[in-house]
Amino acid sequence: MNRFRLLTADEIECRISQISDKGLTLLLYKTARTDANLLDETVGEENWQNDFKVVDGVLYGGIAIDHGEGWVWKWDAGTESNTEAEKGRASDAFKRAGFKWGIGRELYSAPRIWIQADKCNIRDGRKCFDTFEVEKIVYTDKGEISGLSILCNGKRVFVWQKGAKNA
């Protein structure tokens, strides 16, 4: 049983995954700040810690939670980001360790998010600087995403409901 609550719409970010002249796909993700806030909220600021270590040139981030009988660690490796390589790698490792604890694991149940080109501003068939955000998210009793709507620059461009014929 996951001790962490499901993410709310304002805790989920959108990132362009693929782009073409016909449209783009989005990925949902969480930030390291979201993980830290959920750890504070759920187990208390003094009952968790994180650390990093390099093993064979790979940076691992770990999160430990004190269960009253000692610290339990969960670790994962991170990959560099396109902007700040080292900071991005550390942030990614931390977020991945958070997934191991169950923070944001529901994002793995996200549908394919396809935004048609006429609903966003694609330039040269491969660039888009629009702002996408999760407007609403609904979950099943099992913690899987069952409904999702996405905004592009404040306008709804994607609506999905599990089991419904989605356009």
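The following questions and answers walk through a predicted model.

Visitor: What should I know about the numbering and the pLDDT limits?
Guide: Residues are numbered from 1 along each chain as its sequence is written, and side-chain values use heavy atoms, with hydrogens and water left out. In this predicted model, local features need pLDDT of at least 70, side-chain atom pairs count only at pLDDT 80 or more, and totals for chains, interfaces and linings use all residues.

Visitor: In what order do the three strands of the open sheet stand?
Guide: Strands here are DSSP runs of E, at least two residues long, and helices are runs of H or I, at least four residues long, numbered from the N terminus. Two strands pair if DSSP finds at least two bridges between them. Strand 3 and strand 5 (71-77) stand at the edges with a single partner strand each, so one side of each has no neighbour in the sheet. The pairing is antiparallel, and the order is 3-4-5.

Visitor: What is the average twist from one strand to the next?
Guide: Axes are lines fitted to C-alpha atoms, for helices over the stretch in contact, and angles run from 0 to 180 degrees between N-to-C directions. From one strand of this sheet to the next, the twist averages 25°.

Visitor: Which residue of strand 4 stands opposite N50?
Guide: Strands of a sheet pair through backbone hydrogen bonds, either parallel or antiparallel. Strand 3 and strand 4 pair in the antiparallel sense, over eight bridges. Opposite N50 stands I63.

Visitor: At about what angle does helix 1 run to strand 3?
Guide: Helix 1 covers residues 32-43. Contact means heavy atoms within 4.5 Å. The helix lies across strand 3 and strand 4, and its angle to strand 3 is about 140°.

Visitor: How far does helix 1 reach from its first C-alpha to its last?
Guide: The expected span of a helix is 1.5 Å times one less than its number of residues. Helix 1 has 12 residues, and its reach is close to the expected 16 Å. Just after the helix, G44 takes a positive phi of about 95°.

Visitor: Is L7 buried or exposed?
Guide: Buried means under 20% relative accessible area, exposed over 50%, and partly exposed in between, with a 1.4 Å probe and protein chains only. L7 lies in the segment before strand 1 (13-20). Beyond its neighbours within four places in sequence, L7 contacts I12, K30, T34, L38, G104, E106, L107, I137 and Y139. At a relative accessible area of 1%, L7 is buried.

Visitor: Which residues join into one salt-bridge network?
Guide: A salt bridge is a side-chain nitrogen of Lys or Arg within 4 Å of a carboxyl oxygen of Asp or Glu. R5 meets E11 with the closest N and O atoms 2.8 Å apart, and E41 meets R5 at 2.7 Å. E41 lies in helix 1 and R5 in the segment before strand 1, so this pair ties together parts 36 residues apart in sequence. Through shared partners, the network joins R5, E11 and E41.

Visitor: Which residue forms a salt bridge with D76?
Guide: The N to O distance of this pair is 3.6 Å. D76 lies in strand 5 and its partner in helix 2, so the pair ties together parts that are 24 residues apart in sequence.

Visitor: What is the relative accessible area of D56?
Guide: D56 sits in the loop between strand 3 (48-55) and strand 4 (58-66). D56 has a positive phi of about 50° although it is not a glycine. D56 is exposed, and its relative accessible area is 80%.

Visitor: Where does N153 lie?
Guide: N153 is not a glycine, yet its phi is positive, at about 50°. At 46% relative accessibility, N153 counts as partly exposed. Its place is the loop between strand 10 (145-152) and strand 11 (155-161).
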